[in-house]
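Biologist: Before we discuss any assignment, please show me the sequence and the model.

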Amino acid sequence: MATTTRPRTSSFSRNPLAGPTSQVPGLKPGPNGSVFISSGIPDLDRILGGGFCLGSLVMVMEDPEAPHHMLLLRNFMAQGLVHNQPLLYASPAKDPKGFLGTLPNPISSKDEKPRDHAAEQDKGLRIAWQYKKYFGENQQGHDSRDAKHEYCNDFDLRKPLERQFLGGKNIICVSTIDLTLETFRERCRTFLAQNSRNNGVMACASRIAIQSFCAPQCGYFDKHSEASKKSSLVPQFVKFIQLLPLRYLGVDHLGLLLSFQDWDMLAFIKSLKGIVQSSNSVAIITLKQFQACEHFLLSICIALPLTSNEDKELAKLLTGYQEMVGLLSIHKVARINTQVPLVLEASTFSIKLHKRRSLVLECLNQAPIDGSTGASYGTSGSCSGSTKQGALDF
Amino acid sequence: MAESLCRVLRDGALEGELAPALTIKDSILSPLGPHIFDHVLCQLSSFILAGKSQSRGLVLVAFSRSPSYYAALLKSRGSDTTDFDKWFWILDCYSDPLGWRHRLKESGAIRSCPDSSSGVTVCRDVRNLDKLLVEILELGKGLVGQGKDQFCIAIDSVTEMLRDVPLSSAAGLLSSVRSHEQVSCTLWTMLADVHSTSTVAAVEYLSSIVASVEGVTQQKGAQLGISDGLPLLQQNASQGRFRVRFKRRNGRVRLMLEDIHVEKSGITFLPVSSEEESMAQTLIPKVQFNLQLSEKEQMDRLKVVLPFEHQEKEKARRIYDGRRSLMDGQNGMTVEAEKPPVSENSGSGEIVYIRDSDDERPDSDEDPDDDLDI
Amino acid sequence: MDRSSQLLDEALGIVDDTSSMVSSSFPSSSVVLIEDCVETSGAFVIHHILKRSLSPPSSAAVVLVSLSHPFSHYDRILRKLVHTFALSLSFVLFSQGCNLAAHRDNRRFFFCDMLMVDFPRQGQGNVSKGGLIELYAKIQKVVEDISSSFGSGKCITIILDDFSLIEVAANGSLNHSLDFLRYCYALTSEFGLGLLVHTSCGGVYPLPSIQGCSLVILHHEDIYSAEESAALILQMEYLADVVIKAEPLATGLAADVHGQLTVLNKGIHDQLRSSKSKVHNFHFKLRENGVECFYPGTQA
């Protein structure tokens, strides 16, 4: 509703967001009047053409065997905290606040030593940003990365986020254990409403991170699952949420999906999307999957086991297999304010650790295919997921 | 064949029998059912107007298309619109099937709401089948009166009806409509894809004539590649194969097949194209002998003089046909009515041949005991 | 410009009737169903229809019921869409993008923002029906307003974006969402009725030219994997006069081709206008200023 009331005088009026964003750290104007915030992973930002659009809802499909979704979640949250953006974190844990202690710390841009100018950081990143152009002149080589450095940090997964970032008042942690969907929705709504009121029009973009939305221990789960024990709803559910979000990421996983979710959850997501869209924030939701359900694989997930035991066959096919942590496949990138779709260079990327501490995404390097195996491990085209599944046979 | 279908509906029900019921069944790939329904409806209404049919009126239960559509349809097919409501009444289950609009209008949210008018009665609760049934019958009686006169009932989509109610009650409605004494005939359409096979079978069971529309391509399906899919889809949208199964009174089932084409002017029924026929003929397994004689062969066969009929050339052939005394009395006789052989050399052996009647063909399927009165 | 979207127009049955300045450019009382999937969005067809209905020579009014995007989203897209039409063979008029806000002020464009509306739901099993009935009331109210202020001859296009969210609103009840659809469908034969003829015995019958709203529905085809839910798609396809499927290329994504469209136009077996059913299949590429359609392999 809020967007419709925005006055439009001429057809060439500028997006009101476009002006202030250049001053606000952590926001970057994108095409068509959209505004990006960083996902906390520089490579992901690059792949998505700048980051997550404000107003988007990001779905992350969890891999039940590997907590890769936590990597995304952590970086997303840490980036928000670094930018002093309000954050709502919901998780089915008893004490969600503890999770904040596991967030990674940004790596100082220039040299490898960790950031020590804490005083400067206390005043916010604006100061550093102002000096950026001087730094840029001195820096050699990676100025492209440096130019947007303040927009998107590299994070050191081994170091916990420094305490001063956690001191902000705008961090809300919610445990979904005893929550009904109604109250949950209200929590999100009030959180976003508060922040847009406190911070004026566009001072900050809020972030919502919901971990394991469909986890069975959530308070709303049992109540609703009783009503919908029909397994036929499940594919619909997953498909729906795939279509609902503006952006959708599938983190590498086995595609073991099944959750007795029902329409109430869908309705929750739908209304969350509405709220997020109207309040210029970004929500990220990770979903858990339980049980194999074959026809999902055709349409949703690319499944590659890269967890503990090494897959010889895969290792043959993909170069650089040893360094991979996991795979990330992007299924849908919906765009705001334009009808032209974003054509990704590839839909599947490997997650690697750079110098054992920062996350890097790379296109899959495909080893020459052995004629006899025939199965193509192409990097693009999620529709080939089923064939992969068959060939891998896990 | 479409005519014979309409004729059956026109002739209606016999005393004490169920009214004939026509199910028109189509599918998403060849969605021509509504066109056939329209055709039959128009035929029926012209019969009614001409006074040729058993029924004197028609009640149309409109689920899937608007009353105005049907009014326009009948008008365009040349029916006289001046006194529609004397013989034609629409029960409108289309405009406000669940009563939403009525309620909304009463609460002031919207302004217009369909209202019953002359020729149209709006049904606001299609889920209540008992009420629906009563209403249908009331309307019919309103058209033809309480007496002996009969009317027909057309339901334009059983599919829509089945969406709202369970199969058993819908089937109950259909069968009680059929068995009502003042109902002359009934017809309805259904979209077969939407229902389970058991539902389709149940509705078919309730009807005496099942007309299904199939795509032309279904027959040839196996021979066509995927690349031909689009043109075929296009073809199916305007033409199809019309397969009708009559369940006759005496228990026989007659199957018929026709091609249908939907054109600007309406729907046309054509006999199955000869190409198809020849294809069908080649499908009959080749046999070493003929099962039937051609006409010429039959003529030749008649001319054959069997050895025991053969007598001396100059004498007339005389074959005893068992009615000697009669023949004698008539005296003069033709060659065809052969005379019994007059034995000249009595004492020698004699073959008496009784020729069977000529009018029956050899190997005919006709029951030899047909004329027996038992 | 070029024949960029001509194929799509043709397939949809939109004719630029330049000889007679008839208002209708989009066939009235028709139902258009757009089916898309995750890989290929079909939303651009909606934008195209919006564009065609609002820019000259058409004078139709549009009711857009949006459950998935805010007004600003459509507004921005529509501003960038450029559309050309020829008044005569020699004179080509370029029309700049279309300003939804201005059309909204002119009361030719109505936007029902359902994005933030939470449909009320009661406990399990007992599907609350209020939400969709209210939505229907809203639509009909707008339609009534249009036909009372512009006269009944106005063409009205109702666009539903998108139907899968109607299902969410119906709490997944197939029947309930179909009921809603049925009511919307009934609008296509009701408003903007042409001439009414009063017959001698008092009955009112319209002339064969039934002119009603046209209905455009975007639906996601691939949310149904289960057999039983396919019934909804089937019934919708059966109702529709034009079925448009947006699919990715069989060979996967390409930079120059964004997908393919299959358009099944069942044709209108109306008494006045009758067209033969046609099936079109072509590739498309989306641009900011429009959609480019071409037959496979014919892209310059």
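Modeller: Strand β2 (residues 35-37) of chain A is joined to β3(A) by two bridges, and the two run antiparallel. This is a predicted model, in which local features need pLDDT of at least 70, side-chain atom pairs count only at pLDDT 80 or more, and totals for chains, interfaces and linings use all residues. Residues are numbered from 1 along each chain as its sequence is written, while chains are lettered from A and ligands numbered from 1 in the order in which they are written.

Biologist: Why do β1 (27-29) and β3 (52-53) of chain A stand at the edges?

Modeller: The open sheet has three strands in the order β1-β2-β3, with antiparallel pairing. β1 and β3 each have a single partner strand, so one side of each is left without a neighbour in the sheet.

Biologist: Why is A:Lys94 called exposed?

Modeller: A residue is exposed if 12 or fewer other C-beta atoms, placed from the backbone, lie within 10 Å of its own, buried if 20 or more do, and partly exposed in between. A:Lys94 has 11, and is therefore exposed. A:Lys94 lies in the loop between β5 (87-91) and β6 (104-106) of chain A.

How values were computed: Helices (H or I, at least four residues) and strands (E, at least two) are DSSP runs, numbered from the N terminus. Two strands pair if DSSP finds at least two bridges between them.
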